[in-house]
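Here are my notes for your first look at this model. Please keep the structure open beside you and follow the points one by one.

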Amino acid sequence: MPKYMPEPFRIKVVEPINLISREAREAAIRRAGYNVFALRATDVFVDYLTDSGTGAMSHHQWAAMMEGDESYAGARSYFRLKDAIQDVFGFDEFLPTHQGRAAENILAAVLVKPGMKVPSNMHFDTTDANIRARGGNPVNLVIDEAFDPSCIHPFKGNLDLKKLESFISETGVENIPFGMITITNNAGGGQPVSMENIRMVAEMYHRHGLPFFIDAARFAENAYFIKLREQGYGHKSVREIVKEMFGYSDGFTMSAKKDAIINIGGLLACRDKEVFQKLSNELILREGFVSYGGLAGRDLEVMSVGLYEGMDEVYLSYRLAQTDYLAQSIKQLGMSVIEPTGGHAVYVDAGKLLPHIPAAEFPGQALAVAMYQEGGIRACEIGSVMFAHPDPETGVMVHPRLELVRLAIPRRVYTQSHLDFTVEVLADIAKKSASLKGFRFSYAPPLLRHFTCRFEPIA
Ligand code: F0G
């Protein structure tokens with residue numbers, strides 16, 4: 001077995017979890033239309049659905065809750081967060097939002113016009129959908145290595161500069177409202193982006209007069225990967241690395257439910273004063289006043305603490321080691337995972353495990369359902385259910401290149417024995433993989449369909 005790094009915390013509050021019976025699991029997943037998003041969480045034993053908003057708060061964060069100032073305007077908690085954001089990211093102005101997609105919605109509402117294209121390494125599904133919802137087209141320009149699950153590359157989340165250069169000249173700057181990059185690249189396996197790539201992407205956007213926004217959900221994990229893997233950064237602190245990364249950007253959207261280790265919250269920041277004013281007006285319409293943006297004062301306090309805890313290097317080294325432990329243990333079963341291991345999740349290659357199930361019959365969904373049936377484990381399909389879409393010009397269904405199941409690890413929540421249990425369940429599934437069957441939709445909405453769609457098994 002790979003070695004496990006002990007958790008750098010002890011447990012102060014516990015929340016019981018139950019492994020319900022096999023019959024009860026079969027009934028629960030049938031009732032859910034074979035969509036794990038429709039399961040009751042009390043029917044789940046180990047929940048890897050997401051690392052978003054599922055982290056355990058520290059004693060400092062719980063204490064900070066009591067400091068919350070719930071004033072509608074100008075709350076003390078807002079100014080505390082403003083100081084933290086200036087200190088951590090070097091941005092003077094920011095808007096709190098209730099989560100990351102709210103920041104994306106506001107940014108897209110203000111800057112994306114129908115027919116425009118927004119480049120990134122890879123857009124996450126909510127970013128993708130928010131751009132489409134305004135009539136725009138999200139464009140993914142990640143390096144080709146990202147599509148080869150076994151290719152070892154230290155920064156597989158990098159944006160391909162050649163692809164970007166030709167994209168800009170073919171599209172024309174007038175049709176590009178802004179450029180983005182996602183750190184770490186969640187849709188591509190939680191893979192980091194190098195500092196060199198961030199700097200060069202920023203330079204290219206700026207050379208063409210385009211503002212550069214970072215989708216910063218996992219900024220701290222990305223910074224720690226830079227420290228571990230990029231020449232010249234080994235002696236720098238995560239704090240310094242974060243400051244440098246954001247120093248190249250003109251703004252960022254952030255789901256604070258990840259690396260700020262809070263249960264709810266997001267951020268939108270922008271240096272351009274005129275654009276910031278428009279974003280503020282849109283925020284007031286959709287989220288709330290500029291000093292709370294859909295959050296309670298106590299949430300702002302908890303975020304101020306969590307931003308720093310998420311950058312703690314002892315925590316980050318444990319965090320990345322825990323993810324790698326799970327990945328290496330799954331690999332030892334003979335299953336393929338995206339390599340090298342990303343920050344927040346292990347991505348199992350369901351397409352490879354279930355070659356008898358075609359993409360149109362959702363091999364990732366078949367594996368996710370089997371994990372629940374076998375062991376009450378909930379994990380999320382990241383493949384054709386989430387990303388297959390008709391080509392806007394030809395109408396032909398375009399499938400993503402990989403059919404994955406993501407095991408996202410909540411922060412500071414599960415211990416080694418939960419991971420070992422998961423590996424045992426996957427070992428049982430590996431033995432009977434040839435008997436697993438595909439699925440078809442019985443209902444699917446047009447956007448973000450994985451959340452509410454329903455399936456029926458293909459006999
Ligand atoms: N950007 C990235 C890279 C994300 O991973 C997410 C959320 C968002 C934006 C949207 O943030 O959920 O706060 O609205 N990812 C979660 C996940 C849902 O499970 O990976 P949100």
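1. Let's start with strands S5 and S6, which run parallel and are joined by 4 bridges. Strands are DSSP runs of E with at least two residues, helices are runs of H or I with at least four, and both are numbered from the N terminus. Across this pair, Thr 182 stands opposite Asp 215 in S6.

2. A word on the source: this is a predicted model, where local features need pLDDT of at least 70 and side-chain atom pairs count only at pLDDT 80 or more, while totals for chains, interfaces and linings use all residues. Residues are numbered from 1 along each chain as its sequence is written, and side-chain values use heavy atoms, leaving out hydrogens and water.

3. Now the whole sheet: it is open, has 5 strands in the order S2-S8-S7-S6-S5, and its pairing is mixed. Two strands count as paired if DSSP finds at least two bridges between them. The edges are S2 (94-97) and S5 (179-182), each pairing on one side only. From one strand to the next, the twist averages 15 degrees.

4. Buried means under 20% relative accessible area (1.4 Å probe, protein chains only). In general, side chains of a regular strand alternate between the two faces of the sheet.

5. Helix H8 (residues 219-229) is mostly covered too, with 9 of its 11 residues buried. Among them are Phe 219, Tyr 224, Phe 225 and Ile 226, but also Glu 221 and Lys 227. The cover includes S7 and several helices, among them H3 (76-89), H7 (195-207) and H12 (313-331).

6. Ligand oxygen atoms lie 2.6 Å from a side-chain N or O atom of Thr 50, 2.9 Å from one of Gln 99 and 2.7 Å from one of Arg 101. The protein covers 95% of the 470 Å² of accessible area that the ligand has on its own (Shrake-Rupley method, 1.4 Å probe).

How values were computed. Axes fitted to C-alpha atoms, helices over the stretch in contact; angles between N-to-C directions. Polar contact = N/O pair within 3.5 Å; in protein donor to acceptor, adjacent residues only side chain to side chain. Buried < 20%, exposed > 50% of the residue type's maximum accessible area, 1.4 Å probe, protein only. Contact = heavy atoms within 4.5 Å.
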